[in-house]
Amino acid sequence: MNDILKIAGREIRSRLWVGTGKYKDFAETKKAIEASGAHVVTVAVRRVNITDRSKEGLFDYIDPEKYIILPNTAGCYTAKDAIRTAGLARAAGVSDMVKLEVIGDEKTLMPDNEALLEAAKVLVKEGFIVLPYTNDDPIMAKKLQDAGCHAIMPLAAPIGSGLGIRNPYNIRIILESVSVPVIVDAGVGTASDAAIAMELGCHAILMNTAIACAKDPVKMAYAMKMAVDAGRLAYLAGRIPKKLYASASSPLEGMIE
Amino acid sequence: MEITITINGKQHSIHDGLSLSSLLRFLGINSDRVAVEHNMEIVNKNDFNDTVLKENDTLEIITFVGGGV
């Protein structure tokens with residue numbers, strides 16, 4: 001089936017994207033990512049521990065040649081910090097993509113959309129492939145697209161909450177409002193949530209907690225892969241309309257009398 | 001002679017005249033997957049050899065860690 005996702009002209013080989021945080025150890029991270037079939041893997045940008053160099057690094061387990069590495073600006077609360085973090089991430093030489101986050105509040109981890117738009121404009125101008133984490137707000141999605149962002153990443157529910165797709169109607173409006181790919185980012189709790197997002201027509205899903213904090217992360221990673229694939233296929237197949245009354249599947253003719 | 005510089009928020013004494021690439025080697029840091037800010041300016045990897053550290057310089061050395069959404 002010829003159904004390939006493209007972002008800024010680049011072919012992305014999976015519609016499930018995964019984070020690398022919250023795992024027990026790197027070995028589990030690696031196994032879960034392999035089970036998820038993800039081609040895009042998001043990572044955070046942090047200071048090198050210069051006093052203890054004995055520790056292994058993420059890239060000892062995740063081969064950056066094999067995956068598309070998507071650095072994020074998680075933990076940034078201002079446009080300035082996000083721009084600075086994105087710049088450092090690109091300078092490290094593994095990716096010119098950035099999952100742009102400007103967080104507005106510690107408790108909700110909801111985006112500060114005003115600062116997000118400001119940072120997005122600067123980074124687009126500097127040649128980054130910008131994928132902004134935003135609210136499920138169609139107006140904001142349109143503004144981010146107009147600013148030159150290469151995809152829109154609306155949250156389905158707060159980060160790490162596992163509440164699922166809280167507002168499928170807004171996600172649908174976003175899908176109608178923009179022409180760049182829409183990637184649900186945050187809020188998925190279990191496989192059915194992922195399927196719902198894909199059935200709505202979302203182009204991909206990024207998740208971390210739902211896999212990493214499941215009792216068996218590797219099994220959940222595989223469940224998510226199947227849910228994303230099933231949801232996408234169902235979207236392409238086109239679901240039947242919902243009806244209030246029954247409609248028999250067996251022929252009414254030829255009944256015994 | 002020794003000079004004092006700030007690396008990732010902490011003060012360290014290093015030999016005077018050290019280049020950024022020598023410092024990274026001394027710290028056991030593989031420069032492949034790190035990025036460095038020198039006095040708030042990102043240093044291009046090709047310039048690591050030619051960047052000589054001076055008294056009161058500030059460095060941020062970053063890498064990638066596990067993280068998600």
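Student: Which residue is the bridge partner of Lys99(A) in strand 7 of chain A?

Tutor: Welcome! This is a predicted model, where local features need pLDDT of at least 70, side-chain atom pairs count only at pLDDT 80 or more, and totals for chains, interfaces and linings use all residues; side-chain values use heavy atoms, without hydrogens and water. Residues are numbered from 1 along each chain as its sequence is written, while chains are lettered from A and ligands numbered from 1 in the order in which they are written. Strand 7 of chain A (residues 129-134) runs parallel to strand 6, joined by four bridges, and there the bridge partner of Lys99(A) is Leu131(A).

Student: Which strand of chain B is joined by five bridges to strand 4 of chain A?

Tutor: Here the sheet pairing crosses from one chain to the other, and the two strands run antiparallel. One residue to look for is Arg46(A), which stands opposite Thr63(B). The partner in chain B covers residues 58-66 and is strand 5.

Student: How much area is buried between chain A and chain B?

Tutor: Contact (heavy atoms within 4.5 Å) takes in 33 residues from chain A and 26 residues from chain B. Buried area is the accessible area (1.4 Å probe) lost when two parts are put together, summed over both. Carbon and sulfur atoms give 66% of a total of about 2600 Å².

Student: Which residue of chain B forms a salt bridge with Arg47(A)?

Tutor: A salt bridge needs a side-chain nitrogen of Lys or Arg within 4 Å of a carboxyl oxygen of Asp or Glu, and the count between the chains is two. For Arg47(A), the closest N and O atoms are 2.7 Å apart, and the partner is Glu60(B).

Student: What pattern does chain B follow along the sequence?

Tutor: Chain B has one helix and five strands. Its C-alpha trace spans about 45 × 25 × 20 Å along the principal axes. Read along the sequence, the pattern is β-β-α-β-β-β.

Note on methods. Pairing = 2+ DSSP bridges.
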